[in-house]
Structure formats: structure tokens, C-alpha cells
Amino acid sequence: QSKKRKWDLQKAVSNPVNAISSESASHLRDKVSRLSDLLGGKTVEVSGTKINAKIHENGQLFCLDYLAKKLVLQGSQQVSSNQQSAFPFAAVTVGLWEQFAELGELLLAHFHAACPYTVPFYVAKTQGQSSTDHYKALGYRVDEDDGTVESDDKYEKRMSGMVRLYAAIVQSTPPRGVGKVAKEKITRCREGVNSISRLILTESNTDGRGSLVWSIFLRGPTSPQRCCLIFSRLPGTN
């Protein structure tokens, strides 16, 4: 019974997230509304089944955490292959973040765990640390059976997808009609700018950093004017 409840809650989160697209503003508002009802403890219907997160004492928190994990996964899978898809995912994310502060905390936790560049932090190899453990710390996928490490190309593609989604969230506003931008949004923007500057200045022995910076400034939702503003705030610039 508990496994079925868990599956139902996961499906209630996955279905609207998987359906997110740039179709229209009303489409995005619908996805925010569906997820908001679920996270807020209202009964929702999924494939003919009525589901309520309050059926378990930790059901709402489980849904929040699963949603945060699911969104970060969209960065590594969907956004990494289709850069423009970052925008609708970001709009829905911000719309929900304004209603559920815990989602923001969980989202950042999953971002930081999956992609150290969103901290931003370069994980230097420590004395006595094996190459395999270092790759894992950097976020590379390592086969547990034979120890095969994923290629740099695949790694950079996943990381750039997550960084691109992160950058889109930092700069996005909720879909029209969802609500006003929270005051914390300004702080998030400033933190995003600081993160970008630290990412650029971080010393690293990989070439992947260039791809990530490219994702933020040129492939992400950043206008040329905003790029100039960001660069003007970097340490050592006027």
C-alpha cells in the first residue's frame, strides 16, 4: 500500500512536469496550478485516480523534494538537449518557489549535489583521493561495476544543461497571473551574478568551465545588455 501511495505521488508530480513546454502562458499557469494544488494539500486527479499528498504525514514534503529533484533532472536531460526548454521550466519553478519557500531550499540542495558549478565550487583532488572518487565528487557518472567514467563530452553536456536551467531560474519571473515577484528574487539575481563571477575566476584544470560560462551568457536567457551589466560587476572591472 505504501509503495502504491509513493508511486501515485511521484506520478502526480511527474505528469505535469513532463508536460511543461513553451506552448503558451496559460499552459504554464495550468502546470503551476496543478502542482500548487498537490503541494498545498488539495486533492488532484491523475489518470482517473484521486490523490492527496496529505494521505501521509510527510506526503507534502516528499512531493516538494521529488519535484525539486525532478526539475534538476530536467536540466541534465531535457535542457541539455534543447536549450530553449530552460525558459518554461524556469517560469514554472519560480511560480511555485514563490508559493513554497521550501521548494527553493530543496531545489538548490539538489542543484549543488548534482552540479558543483552551481555552488559554484571546483572540487580539487585531495591527497590520497583516488581518481574515481575525485570524478564522483566532480559529478561524473561512474559505473559501479567496472569503474568506467563517463566521457567529458557527456559530462559537460549534463553540467551545462543544469547550469543553463539554473541561470534561467535566476533571471525568470512567474507566468502572468501567477503572482508578483517576491522580494527575495532580487537577492537571488545578485547571488546569481556573484556565482557567475566566481565561476569564471575559479581555477580549474578542466576545459568544461568554458562551456558552462558559454551556456550562461550566450546560450542562456541573457541579453547582450544584461551580459554587459554582469561583466561590469565582476571583480577587477570598471
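Reader: How many helices and strands are there in the protein?

Author: Helices, of at least four residues, and strands, of at least two, are DSSP runs numbered from the N terminus. The model is a predicted one. From the N terminus on, its elements run α-α-β-β-α-α-α-α-α-α-α-α. The count is therefore ten helices and two strands.

Reader: What share of the residues in the protein is buried?

Author: A residue counts as buried if its relative accessible area is under 20%. The protein has 238 residues. Of these, the buried ones make up 43%.

Reader: Among contacts between residues at least 6 apart in sequence, what percentage joins residues at least 24 apart?

Author: A contact requires heavy atoms within 4.5 Å. Among the contacts in the protein that join residues at least 6 apart in sequence, the share that joins residues at least 24 apart is 63%.

Reader: Which residue other than glycine has a positive phi near 50 degrees, and is this residue buried or exposed?

Author: Most residues other than glycine have a negative phi. In this model, a positive value near 50 degrees is found at Ser 47, which lies in the loop between β1 (44-46) and β2 (49-51). An exposed residue has a relative accessible area over 50%. Since the value for Ser 47 is 62%, the residue asked for, Ser 47, is exposed.

Reader: How are the rings of Phe 111 and Tyr 166 arranged as a pair?

Author: The protein has four aromatic pairs by the rule that ring centres lie within 6.5 Å. The rings of Phe 111 and Tyr 166 have centres 5.8 Å apart and planes at 80 degrees. Planes over 60 degrees apart fall in one class, so the pair is edge-to-face.

Reader: How far apart in sequence are the parts that Phe 111 and Tyr 166 tie together?

Author: Both Phe 111 and Tyr 166 are buried. Phe 111 belongs to helix α5 (residues 101-114), while Tyr 166 belongs to helix α7 (residues 152-171). The pair therefore ties together parts whose separation in sequence is 55 residues.

Reader: Which aromatic pair has its centres 3.7 Å apart, and what kind of pair is it?

Author: The pair is formed by Tyr 140 and Tyr 155, with 5 degrees between the planes. Tyr 140 lies in the loop between α6 (131-138) and α7, and Tyr 155 in helix α7, so parts 15 residues apart in sequence are tied together. Because planes under 30 degrees apart meet the cut-off, the pair Tyr 140 and Tyr 155 is stacked.

Reader: Are Tyr 140 and Tyr 155 buried or exposed?

Author: The relative accessibility is 9% for Tyr 140 and 3% for Tyr 155. As the cut-off is under 20%, Tyr 140 and Tyr 155 both count as buried.

Conventions. Residues are numbered from 1 along each chain as its sequence is written. This is a predicted model: local features need pLDDT of at least 70, side-chain atom pairs count only at pLDDT 80 or more; totals for chains, interfaces and linings use all residues. Side-chain values use heavy atoms; hydrogens and water are left out. Buried means under 20% relative accessible area, exposed over 50%, partly exposed in between (1.4 Å probe, protein chains only). Rings of Phe, Tyr and Trp (its six-membered ring) pair if their centres lie within 6.5 Å; planes under 30 degrees apart count as stacked, over 60 as edge-to-face and the rest as tilted.
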